[in-house]
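Here is a walk through one protein chain, from its overall make-up to a single side chain. Please keep the sequence and the coordinates at hand while reading.

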Amino acid sequence: LATHTAGGADLKKASGVRRVHLWRDDQEVTVMPRQALGAGDIVPGPVILEESDTTLVIPPGWQVSLGALGCVIATRTA
């Protein structure tokens, strides 16, 4: 598990990992509070972003960042 991404996001802010069965069985995916995603951060998938009212599941080959208004933007990288 990398602790930093190319855009500078610090995955030490992650709240842990969760074992999921979406892309393959028993894959450990980083779980991160949505509030930990800051301006300029780029977080590569797979990652799970948790909020109080929703959960965003970002698959491998995608990354997330914040838009100008603070919304989460998912972009395909592969």
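The paragraphs below go from the whole chain to its sheet, then to its core and to one leucine.

The model is predicted. The chain has 78 residues, and 27% of them count as buried. Its accessible surface comes to about 4,700 Å², with 51% of that area belonging to carbon and sulfur atoms. In secondary structure there are seven strands and zero helices, so that the order of elements from the N terminus reads β-β-β-β-β-β-β. As for contacts between residues at least 6 apart in sequence, 24% of them join residues at least 24 apart.

Four strands make up an open sheet, arranged in the order 1-2-4-5, and their pairing is mixed. At its edges are strand 1, residues 16-20, and strand 5, residues 55-58, each of which pairs on one side only. On average, neighbouring strands of the sheet are turned by 30 degrees against each other, with direction ignored. One of the pairings can be followed at residue level: strand 4, residues 47-50, runs antiparallel to strand 5 and is joined to it by four bridges. Opposite L56 in strand 5 stands L49.

Which residues form the largest nonpolar core? There are eight: M32, A36, L37, V43, V47, L49, I58 and V64. Setting aside neighbours within four places in sequence, L37 is in contact with V43, L49, V64, S65, L66 and V72.

L66, another partner of L37, lies in strand 6, which covers residues 62-66. Not counting residues up to four places away in sequence, L66 touches R34, L37, G38, A39, D41, C71, V72 and I73.

Note on methods
Residues are numbered from 1 along each chain as its sequence is written. This is a predicted model: local features need pLDDT of at least 70, side-chain atom pairs count only at pLDDT 80 or more; totals for chains, interfaces and linings use all residues. Side-chain values use heavy atoms; hydrogens and water are left out. Two strands pair if DSSP finds at least two bridges between them. Helices (H or I, at least four residues) and strands (E, at least two) are DSSP runs, numbered from the N terminus. Axes are lines fitted to C-alpha atoms, for helices over the stretch in contact, and angles run from 0 to 180 degrees between N-to-C directions. A nonpolar core is a set of buried Ala, Val, Leu, Ile, Met, Phe, Trp, Tyr and Cys residues joined through side-chain atoms within 4.5 Å. Buried means under 20% relative accessible area, exposed over 50%, partly exposed in between (1.4 Å probe, protein chains only). Contact means heavy atoms within 4.5 Å. Accessible areas come from the Shrake-Rupley method with a 1.4 Å probe; for residues, only the protein chains shown count as cover.
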